[in-house]
Amino acid sequence: MKIAVTYENGNVFQHFGRTEQFKIYEILQGKIVKSQIVSTNGNGHGALAGILSEQKVDTLICGGIGAGAQTALANARIQLYGGVSGNADAAVEQLLTGTLVYNPDVQCNHHNHHDVEHSCGGNHGNCHAL
């Protein structure tokens, strides 16, 4: 199993389409055996599902994420756990122990406001401009 987390400074990055890095964890027998940080090389939104597929990721933890990206992930057969915030390593551990708090209905609908900084995700599933 491989789990990817949108990643910035040790935490779950809150805007899937703008993430510059994923931290990818290899899981064996319910334990993290390896992790690495992978750059998105400036790619965003639709291309990110392809990057995750190339890395053979089957699970993604992120903050906010739009409907188009969710569809791309579903088509790539990548399980989504959105609306997550906080420490990336802790989020993966919580997923492995069944205690991860996430929002199965997460949506990030702000694509008309690209010049505004956002805080997407959280447990409420909305995206609010800061």
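How many bridges join β3 to strand β4? There are 8 of them, and the two strands, with β4 covering residues 31-39, run antiparallel. Before I continue, a word on the source. This is a predicted model, in which local features need pLDDT of at least 70 and side-chain atom pairs count only at pLDDT 80 or more, while totals for chains, interfaces and linings use all residues. Residues are numbered from 1 along each chain as its sequence is written, and side-chain values use heavy atoms, with hydrogens and water left out.

Let me begin with the strands. Helices (H or I, at least four residues) and strands (E, at least two) are DSSP runs numbered from the N terminus, and two strands pair if DSSP finds at least two bridges between them. Ala4 has Ile24 in β3 as its bridge partner. On the β4 side, Ile27 is bridged to Ile32. The hairpin of β3 and β4 has 2 residues between the strands, and Gln29 there takes a positive phi near 50 degrees.

Which of its residues are buried? They are Leu48, Ala49, Ile51 and Leu52; buried means under 20% relative accessible area, exposed means over 50%, and partly exposed lies in between, with a 1.4 Å probe and protein chains only. Seen down the axis of α1, these buried residues fall within an arc of 160 degrees, so they line one face of the helix. The arc is that of the directions from the helix axis to the C-beta atoms. As a general point, an α-helix has 3.6 residues a turn, so residues three or four places apart point the same way. On the face turned away from the buried side, α1 carries the exposed residues Gly46 and Glu54. The buried residues pack against β1, β3, β5 (59-61) and α2 (67-75), where contact means heavy atoms within 4.5 Å. Just after the helix, Lys56 takes a positive phi of about 65 degrees.

This leads to the nonpolar cores. A nonpolar core is a set of buried Ala, Val, Leu, Ile, Met, Phe, Trp, Tyr and Cys residues joined through side-chain atoms within 4.5 Å. The largest has 17 residues, of which Ala4, Phe16, Phe22, Leu52, Leu60, Ile65 and Leu73 touch the most other members. Two or more residues come from each of β3, α1 and α2, and α1 gives the most, with 4 residues. Ala4, leaving aside neighbours within four places in sequence, is in contact with several residues, among them Phe22, Ile24, Leu52 and Leu60. A second, separate core of 14 residues includes Ile27, Tyr81, Ala88 and Ala91.

The aromatic rings come next. Rings of Phe, Tyr and Trp (its six-membered ring) pair if their centres lie within 6.5 Å; planes under 30 degrees apart count as stacked, over 60 as edge-to-face, and the rest as tilted. The structure holds 2 such pairs. Phe16 and Phe22 form a tilted pair, 6.2 Å centre to centre with 50 degrees between the planes, and both residues are buried. Tyr81 and Tyr102 form an edge-to-face pair, at 4.8 Å and 80 degrees. Tyr81 lies in strand β6 (residues 79-81) and Tyr102 in the loop between α3 (88-97) and β7 (118-121), so this pair ties together parts that are 21 residues apart in sequence. Tyr81 is buried at 17% relative accessible area, whereas Tyr102, at 36%, counts as partly exposed.

Finally, the charged side chains. A salt bridge is a side-chain nitrogen of Lys or Arg within 4 Å of a carboxyl oxygen of Asp or Glu, and the count comes to 2. How far apart are the closest N and O atoms of Asp89 and Lys23? In that salt bridge they are 2.9 Å apart. The pair links distant parts of the chain, with Asp89 in helix α3 and Lys23 in strand β3, 66 residues apart. Asp89 is partly exposed, at 33% relative accessible area, while Lys23 is buried, at 11%. The other salt bridge joins the side chains of Glu26 and Lys34, at 3.9 Å from N to O. Glu26 is partly exposed at 25%, and Lys34 is partly exposed at 45%.
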